[in-house]
Amino acid sequence: MAPPYSNHKKHDSINSVDSMKSEKDLLVDMVEIYDTENNGVVPNHLGCKRQGRPCLARFLRKGICAFILTGLAIYFFGFPYNTPSVTAPSPHPEASPLCTSEECVHAASEILYSLDPNYEKVDPCTDFDQYVCGGWRENHDMRPDQGSIFAGTIMEENAQTRLRHILERSEAPQPVDADNFKKLKAAYDACLDEPAISKRGTKPLADILDELKNIYFAETGLVKGAQDHLTSAILYLLNTGVEALASPGVTPDDKDPDNVVVFITPPREIGLPAREYYNNTKIVADYTSAFKQVIQRFAGDGHDKVVEDVVAFESKLADVTPDTQTQEDVTKYYNPLSIKETDALVPEISFADIITSLASHDYKGDRVIVGSPPYMKALSGILKDTPRETVLLFLQWKLIQAFEGAIEDGAIEPLRQFKNELAGKEPQAKQERWRKCLARLDEGLGWSLSRFYVLDSFPEDSKKLGDQIVSDIKERFIFTLDQTNWMSPDVRRLGIQKVENIIQKIGFPTKSPDVTDPEDVKKFYRDLEVAKDTFFENEVAVARFDLHNEWAKLGKPTNRDEWDMTAPTVNAYYNPPGNEIVFPAGIMQAPTFYGPSAPLYLSYGAFGSVSGHELSHAFDSTGRHYDENGNYTNWWDDKTVEGFEERAQCFVDQYGNYTVTGPDGKVLHVNGRLTLGENIADAGGLTASFHAWKKHDEAKPDVLLPGLEAFTKEQLFFISYGNWWCGKTTKEAAEQAIYNDPHAPKSARNIETMANSREFRDAFSCPERKPVCKLW
């Protein structure tokens, strides 16, 4: 499934730099871990890289290796008959019993594997990221095709491995899924057939470039200026899933969330992946060079000048495009206008014709939300001054960029190499074909893929525990709101009502479609036709299918049963207009989530904090603008707003002082304002989850983990949280994230979040107990 059109309305808990699409995206056997040399998994979760110091010696030096190896032996060969999974209590009354179940041994190995090998010498109070992730970084290398990885990446790849095994079968796991499996398998096999794709070369892409040229022809004397047939050209691109110049779409109305409305916003990506790159002379030169090489291979010589004109055109668009922070701000992107008023902003494009073409024939609405009227006005001026030939090549270039992954031909290689280098990857690196194909399935047939994933990898007891954790955190958040003095009594009361109204969705959808019902999934995709030998055409068909489904919602009540993430997705989100928090099954696996037989501090520490994070979004810099029913309205009084802004500024300043190193040693500061909502949510989510867990622990104390008896349960709660954010990144990918990502770097989400946690500072006996910043 394609992601929701209005990305600014969904707050996800992790970024998407290299996730399942490998930008998008099972509890596997405990001993499977990611390993660069094999580009997959290797059978030894306490394994070390060959060039590193011997793993056995490292753990023996800590005096715990024998215990863990014994535990692993138990894991593989089982317990003696009738042996309990939890050891008898220690003769010392203050000692907690040890858990030696399979799940506990698994969890202990994950933690030991991630801790810095010399963690005793690292101060967790000042560098918790190194303390909890030093071993993880030592033991994980990025593949040549990756710009960044973190614990969630490994979880995604575990999910992909499970799905790959299913799709390599010749028949559906169950007869009732024969039709669903056949369609999924056809799409997968078409993508995998690289020889057939290579044999077709550039022809499928060249054909749609020619079709565009027939719509928006540039021959002198036939048409005047850039505007003639420009609307038709934009519609053609939209029908192939490509946005250019402006991005029209359909989404719930922020001020009337029970109904959907047309949004028209600036595109998030012009040509380069971040508008700031147009200020970098070297990057622009490399981009222009790659552009010229690709066009030369598609259209022959003689196009260098117009390519340079297109890059200059893109630079002008970048100058007038709002930054990411502005595009995420509901107070700035929500500008309701009539269709006539919208068309007046950019006379060169008829949005009235676009809406008429895409909406159902009986749609009579006249309301449009314009994301940036100043951008639209500036776009009009730029189009007036731009030759038609330049606009045509720009539109063709957008198609090439969008479909470069759907062809295999040397003509496209300069673009791929440039993209790799921009992300710090090896220039010639290619994603493993099967991974790429699974990512395409997740985009195109995501609910069918979700069905097979859920049947294979998501037990009912995981769903029940997930529901319990989220409910516990909602209860704790209500208590917190009731104690929040900077909120006025009326705002507190409405805030509590908002939490009580929050809808929690766990695992997978049971409507629109119901992934547990094979017929419902089949019905959902009945109008999508794919074939096993036409990968390119399948991609176009998916784009048209998604576009039709999106615009078919216009004029109808909002469907609140829909999900915006598929079940295998390792992520979560809060949707302000829907006032809902959603947790796909993919995020509910180790090391963020363990089953009910494991100590609860593990799941509350990681998954619980993610749950609290998403709930906290209801009251962050964006969510606070939406009332208990999901309406965008001013429901906070001046006193409450003042109290919030004062505390929020602390987070802005704190994270604005955090730096990462970019290419050529460039020091890059985190944008404290862009990341504010996520940083507030990290702090609030961690605190709420900690206290929710403590309530359970006081009623029924958790047991300790083997080999980790030196840590308290409270410390293990925070270590579980920290393991989720262990990651690595290239300097180039780090720079791109600073520009575009509303999430702070992974290391900051460990270090700065702990600096804002009194509970963490108490658990690790830090000399300074007062949090740097505190909202809740």
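C766 is buried, at 4% relative accessibility. Buried means under 20% relative accessible area, exposed over 50% and partly exposed in between, with a 1.4 Å probe and protein chains only. This is a predicted model, where local features need pLDDT of at least 70, side-chain atom pairs count only at pLDDT 80 or more, and totals for chains, interfaces and linings use all residues. Residues are numbered from 1 along each chain as its sequence is written, and side-chain values use heavy atoms, with hydrogens and water left out.

A disulfide (a pair of cysteine sulfur atoms within 2.5 Å) joins C766 to C125, with S to S 2.1 Å. The S-S torsion is about -90°, so this disulfide is left-handed. C125 sits in the loop between α3 (102-114) and α4 (128-139), and C766 in the segment after α31 (758-763), so the pair ties together parts 641 residues apart in sequence. Helices (H or I, at least four residues) and strands (E, at least two) are DSSP runs, numbered from the N terminus. C125 is partly exposed, at 24%.

## C191 and C437

The link is left-handed, with -85° about the S-S bond. C191 lies in helix α6 (residues 178-192) and C437 in helix α19 (residues 433-444), so the pair ties together parts 246 residues apart in sequence. C191 is buried, at 1%. C437 is buried, at 1%.

## C650 and C773

C650 bonds to C773, with S to S 2.0 Å. C650 is in helix α26 (residues 638-656) and C773 in the segment after α31, 123 residues apart. C650 is partly exposed at 26%, whereas C773 is buried at 2%.

## Overall pattern

The whole structure holds 5 disulfides. With bonded cysteines counted along the chain, the pattern is 1-2, 3-9, 4-8, 5-6, 7-10.
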